[in-house]
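This briefing covers a ligand shell, a strand pairing and a nonpolar core. Please look over the sequence and structure before reading the points below.

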Amino acid sequence: MVTMKTNATEPPTRTHIKGSRSHSLHDNQHHHNRDHHIHPETTILVVLVPIVIVILLLAISLVVAFLRRAKSPKPNGTAANGNKSCMFNAHSIISFNGTTDMKRCIYGGRPPSATSKGIQVFTYKELQSATDNFNQTNLVTKGGFGYVYRGLLRDGTPSVIKMLHREGKQGERAFRSEVDLLSRLHCPYLVDLLGYCADNQHKLLVFEYMPNGTLYDRLHPCDGRPQLLSWGIRMRIALDCARALEFLHEHTTPSVIHRDFKSTNILLNENFRGKVSDFGLAKIGSYKLNGMISTRVLGTTGYLAPEYASTGKLTTKSDVYSYGVVLLELLTGRVPIDTNRPPGEHVLVSWALPRLTNRAAVVEMVDPNLHGQFSRKDLIQVAAIAAMCVQSAADYRPLMTDVVQSLIPIVHSISFGCSTSSFRFSKRISPRS
Ligand SMILES: Nc1ncnc2c1ncn2[C@@H]1O[C@H](COP(=O)(O)OP(=O)(O)OP(=O)(O)O)[C@@H](O)[C@H]1O
Ligand SMILES: [Mg+2]
């Protein structure tokens with residue numbers, strides 16, 4: 001059958017067959033003329049039957065191929081028709097745990113929507129006019145990447161524009177990492193990269209504007225402003241961030257390790273929903289020991305997993321540790337390292353760890369700004385999650401999927417008021433809990 005198909009489709013072979021066929025007809029003619037044994041109908045049949053068989057076989061194989069294609073699962077979104085040089089693909093959608101939000105996380109393309117624009121390439125001039133020529137009044141601060149400006153894009157979109165200040169390879173690498181990863185990672189729990197500018201020596205990143213700033217600033221206000229984040233909102237932020245890391249670790253192939261997960265890299269939108277930012281240090285890796293990568297230790301003191309800090313061996317479990325530290329910040333309102341506290345309380349993890357599994361002590365360690373407005377049952381559960389995340393044995397730290405699954409019922413059982421500052425914690429029976 002294969003030979004017949006090949007012969008029927010390959011022009012040189014076909015020519016050859018034609019030639020030999022006419023030759024054989026010619027011979028047959030002679031033979032016929034000589035012996036008068038074969039009728040012309042027989043000759044026609046001899047020629048036609050193989051042709052019909054070939055056509056039939058071709059038709060059958062086409063139908064089979066079509067049916068197979070129709071049965072096989074469709075590749076994910078744009079990964080099917082997208083860029084072949086793309087390093088990553090989304091895991092199959094079945095691994096998402098049913099929430100529509102998570103299903104919207106698509107690595108390699110976002111579902112079509114009215115707001116979907118993709119990453120834009122800006123000229124330096126465009127960003128100059130978006131920031132009023134990088135006016136001091138639009139300067140937010142100087143962060144680790146460089147100067148951060150508020151900007152208004154030409155279409156009226158408020159944005160944050162980060163101008164790379166670091167010289168040398170490290171800054172360049174951070175810029176490339178942000179662009180490479182964020183142009184392919186699309187998830188509602190990650191701060192959107194709207195675009196970038198790479199005009200000669202100018203390197204700028206343009207992000208969606210997050211009006212409520214960083215989680216760090218909200219939890220540890222330096223100007224002594226009253227605490228704004230209620231227990232319910234803290235738990236929802238904890239879940240948002242857990243989902244972001246779950247997406248990076250478990251719903252992308254290969255996994256992405258954020259490597260700088262901390263409360264200054266968690267930004268809050270107008271509804272105080274958390275989104276993770278800053279992929280300048282991100283690495284491709286795995287949670288398995290045999291999938292770990294050795295790298296230079298980068299990140300922020302107080303958030304670094306001990307095995308990573310001491311050996312440079314990086315896995316997704318290093319992010320899980322950092323996540324545990326942020327969870328402790330949310331529970332206690334303390335910063336990860338505070339040398340102003342009494343001896344023994346400088347390092348948040350060391351101070352909190354023995355208390356987390358002690359029911360009486362755990363209540364005492366809760367942020368006093370919460371004024372006791374939290375559920376004890378939920379607190380004990382969240383403390384247990386934090387304890388698992390910050391344990392020194394990386395292998396025993398949970399997967400982010402486990403963290404997400406543990407937090408979902410807690411968040412679903414909380415009723416959220418409209419106002420964030422005057423939010424009063426209350427519980428209701430949730431149909432899903
Ligand atoms: N998308 C954004 N929307 C609103 N404010 C932002 C946004 N991105 C950054 N900022 C503000 O800019 C500040 C600096 O951010 P940047 O990421 O450059 O540095 P950092 O997070 O403080 O430090 P690091 O470099 O260690 O991450 C943040 O603390 C925040 O106040
Ligand atoms: Mg940052």
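The points below are grouped by topic.

The model is predicted. Ligand 1 is surrounded by 20 residues, and the largest nonpolar core holds 91 residues. Both domain 1 (87-208) and domain 2 (215-422) contribute to the ligand shell, so ligand 1 lies between them.

**Shell around ligand 1**
- The closest of the 20 surrounding residues are Gly 143, Gly 144, Val 148, Val 160 and Met 210.
- Two or more shell residues come from each of the elements β4 (139-142), β6 (158-164) and β9 (204-208).
- Sorted by class, the shell around ligand 1 is made up of nine nonpolar, eight polar and three charged residues.

**Pairing of β4**
- β4 runs antiparallel to strand β5 (residues 146-152), and three bridges join the two.
- Opposite Leu 139 stands Tyr 149 in β5.

**Largest nonpolar core**
- Among the 91 residues of this core, Cys 241, Ala 242, Leu 327 and Ala 386 touch the most other members.
- Helix α8 (residues 231-250) supplies the largest share of the core, with twelve residues.
- Residues of this core come from both domain 1 (87-208) and domain 2 (215-422), so the core lies between them.
- Apart from neighbours within four places in sequence, Cys 241 is in contact with Ile 266, Gly 274, Val 276, Tyr 323 and Val 326.

Terms used:
Residues are numbered from 1 along each chain as its sequence is written. Chains are lettered from A and ligands numbered from 1 in the order in which they are written. This is a predicted model: local features need pLDDT of at least 70, side-chain atom pairs count only at pLDDT 80 or more; totals for chains, interfaces and linings use all residues. A residue is near a molecule or strand if its C-beta atom, placed from the backbone, lies within 6 Å of it. Helices (H or I, at least four residues) and strands (E, at least two) are DSSP runs, numbered from the N terminus. Ala, Val, Leu, Ile, Met, Phe, Trp, Tyr, Cys and Pro count as nonpolar, Asp, Glu, Lys and Arg as charged, and the others, Gly among them, as polar. Domain bounds come from an automatic or database domain assignment. Two strands pair if DSSP finds at least two bridges between them. A nonpolar core is a set of buried Ala, Val, Leu, Ile, Met, Phe, Trp, Tyr and Cys residues joined through C-beta atoms within 7 Å. A residue is buried if 20 or more other C-beta atoms lie within 10 Å of its own, exposed if 12 or fewer, and partly exposed in between; C-beta atoms are placed from the backbone. Two residues are in contact if their C-beta atoms, placed from the backbone, lie within 7 Å.
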